[in-house]
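Hi,

Here is the structure I promised to pass on.

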Amino acid sequence: MPVLSLENACLAFGHVALLDHAALQVDAGERIGLIGRNGSGKSSLLKALAGLGSLDDGTIWRQPELSIAYVAQEPEFGGHETVFEAVASGLGGIARLLAEYHEATLKVGAGGTAALEHLQHLQTQLEARDGWRLNSRVEQAISRLALDGEARVDALSGGGRKRVALARALVGEPQLLLLDEPTNHLDVDGILWLEELLRSYAGAIIVITHDRVFLDGVATRIVELDRGRLVSFPGRFAAYQERKEFMLNEEALANARADKLLAQEEVWIRKGVEARRTRSVGRVARLERLRRERAARREQQGQVDFRLVRGEASGKLVAELELVAKRFAASTGDKTVVRDFSCRILRGDKIGLIGPNGSGKTTLLRLILGELAPDAGSVRLGSRIEVAYFDQFRSQLDPEAALVDVISPGSDYVEIGGTKKHVIGYLEDFLFAPQRARSPVKSLSGGERNRLLLARLFARPANVLVLDEPTNDLDIETLELLEALLQDYDGTVFLVSHDRAFLDNVVTQTIASEGEGRWKEYVGGYSDWLRQRPAPAAPKTDVPAARADAASSAKPAATAPERRKLSYKEQRELEALPDRIAALEGEQGVLQARLADPAFYREPTEAQRQAQARLAELDSEIDAMLERWAELEARA
């Protein structure tokens, strides 16, 4: 059953048609991956579907009372709200009540009887409106995205604001979820969590992303925006790649046949007297039709011409670290971000850094490159090192500067490998049209800014490349070209990325965070690291007991109550609890598998609602039994 449909959609900016009589249907429960070249109009389409933008022509039909949540590339927030308030706003009308209760709990300690009565009044209201379950969803989203609920949103970085916007969209459980580059600024654990959540999500999803592993794991259908048309490819991303290659070959053959026929007819029409004697009205009409079709044809956009000059080779040794340590002062005490780390980096190594946000990847890089002095240990640098940086926040780009001034300030030429090239021609290699060469940086999309930053980076010779999240916003074809360039580059590469496919295809060794400031080297890329890293601690065979221990240890310390011996009834209850919990967990597992099956969403809406409600009840029942288990076990 469709929840949204787009028909005969047209949208243009200037002379470029982003949508050219495009059509799309979104069915309930399906997960669509929307892909296309940078600047092709994907974000504009998503805004139009969300009702935040308009079309030049065409219609958008939405199911009556369809709830939609949209997460933009650069999300916006109003006022001076906290993270908790911003995330809770995704729940609609109950958001104010949750925010008020959250604030009241913080003030009740110093507020006396009146504050306590106000808190009890809010608790009553929340119970009547199922507020505890909703409050739990807000807190879970904040926790899983590593956010501080008390922090001010306007004080967060761009990545922090993106995570807040993602949490705000998810807590409302909308029927249609529109996500524009949701994996940007998330670490690998966050991406894996989001991937798992979207796979089990009950509503329909349209997601713009260029993370190929993420697409393969989430999408049930790929929709490509190509030269104004929306082309659908059922199945996963891998199936799309095979089908797309076949379609491009067929298109090239058809265009070649049409061009050959047009050339023959043009020769015929110009033959002079003989042609005029034998000219037929039908053949002339066919020629005019071929001319019109050729003029209207939109060729596939060319590929970026990546060329990277290494410059003078560095010494064989790039850096050697011996038992290096670094710590920083924090409000809760000193935080060690690097502890007793040793490694040896040689010319030509391609090194990936993996770790959660805030684990110290940038600090470790600065230590390796000699930009930061260690608190302990030693760092020895090699000779003739020339470093070029790619900054994920694009702070090197002045929004008001023209593109030509970013690449070559004060000159009309750039020198690549000893050869001078005009800056406008150089920008064309990176798919910037000549008429845009004087445009300001602020007029570019996110992917185009990344392309411009790469153009600036590659215009300068370097033998050590430091790339901090270079894959954000880049389209898939450009990503694959950049991969090929880095594979052939004979200098040294340090790559910080959460794109698992990109890491696998580029790096030869990985430095991964092991927690508490410990870092360890592994051979190979992301997949190799997964196979080699230490296995997590094996759980106890008695699963309910293990979970009970965890629940018990998570409870805050309190004054130990006076112990009393278990009664006969309580002893029987304690003995029965493992089987009861195991049974509930078994039912929970069956329900989760059912919700993860796409066929489930073809069942009646009422059956879907009952299954989701039962899953929520099971969570509450299991938590209650675990608390009771911990209580009885402690007394026993």
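**Salt bridges**

K421 is partly exposed, at 25% relative accessibility (buried means under 20% relative accessible area, exposed over 50%, and partly exposed in between, with a 1.4 Å probe and protein chains only). Its salt-bridge partner is D429, with the closest N and O atoms 2.5 Å apart; a salt bridge here is a side-chain nitrogen of Lys or Arg within 4 Å of a carboxyl oxygen of Asp or Glu. D429 itself is buried, with a relative accessible area of 12%. There is also a network: E587, R614, E617 and E621 are joined by salt bridges that share partners.

Before going on, some housekeeping. This is a predicted model, so local features need pLDDT of at least 70 and side-chain atom pairs count only at pLDDT 80 or more, while totals for chains, interfaces and linings use all residues. Residues are numbered from 1 along each chain as its sequence is written, and side-chain values use heavy atoms, with hydrogens and water left out.

Searching the whole structure turns up 22 salt bridges. One of them joins the side chains of E320 and R344, at 3.2 Å from N to O. That pair links distant parts of the chain, as E320 is in strand β10 (residues 317-328) and R344 is in strand β11 (residues 335-346), 24 residues apart. (Helices, H or I with at least four residues, and strands, E with at least two, are DSSP runs numbered from the N terminus.) E320 is partly exposed at 22%, and R344 is partly exposed at 45%.

K326 makes a salt bridge too, with D375, where the closest N and O atoms are 3.3 Å apart. K326 lies in strand β10 and D375 in the loop between α11 (361-368) and β13 (376-381), so this pair ties together parts that are 49 residues apart in sequence. K326 counts as buried at 10% relative accessibility, whereas D375 is partly exposed at 39%.

**Cores**

The largest nonpolar core has 47 residues, and Y426 and L452 have the most contacts inside it. By nonpolar core I mean a set of buried Ala, Val, Leu, Ile, Met, Phe, Trp, Tyr and Cys residues joined through side-chain atoms within 4.5 Å. Helix α14 (residues 446-458) gives the most to this core, six residues. What does L452 touch, leaving aside its neighbours within four places in sequence? The list is L397, L403, V406, I407, L427, F432, V441 and L444, with contact meaning heavy atoms within 4.5 Å. Apart from this core lies another, of 45 residues, including Y101, L122, L147 and L198.

**Sheet**

Six strands make an open sheet with mixed pairing, in the order β14-β17-β18-β12-β19-β20; two strands pair if DSSP finds at least two bridges between them. The edge strands, each pairing on one side only, are β14 (387-390) and β20 (518-523). Inside the sheet order, β12 (residues 350-354) and β18 (residues 492-496) pair in the parallel sense over four bridges. K350 stands opposite V493 in β18.

**Cysteines**

How many disulfides are there? The count is zero, taking a disulfide as a pair of cysteine sulfur atoms within 2.5 Å. As for burial, C10 counts as buried at 13% relative accessibility, and C343 is buried at 6%.

Cheers
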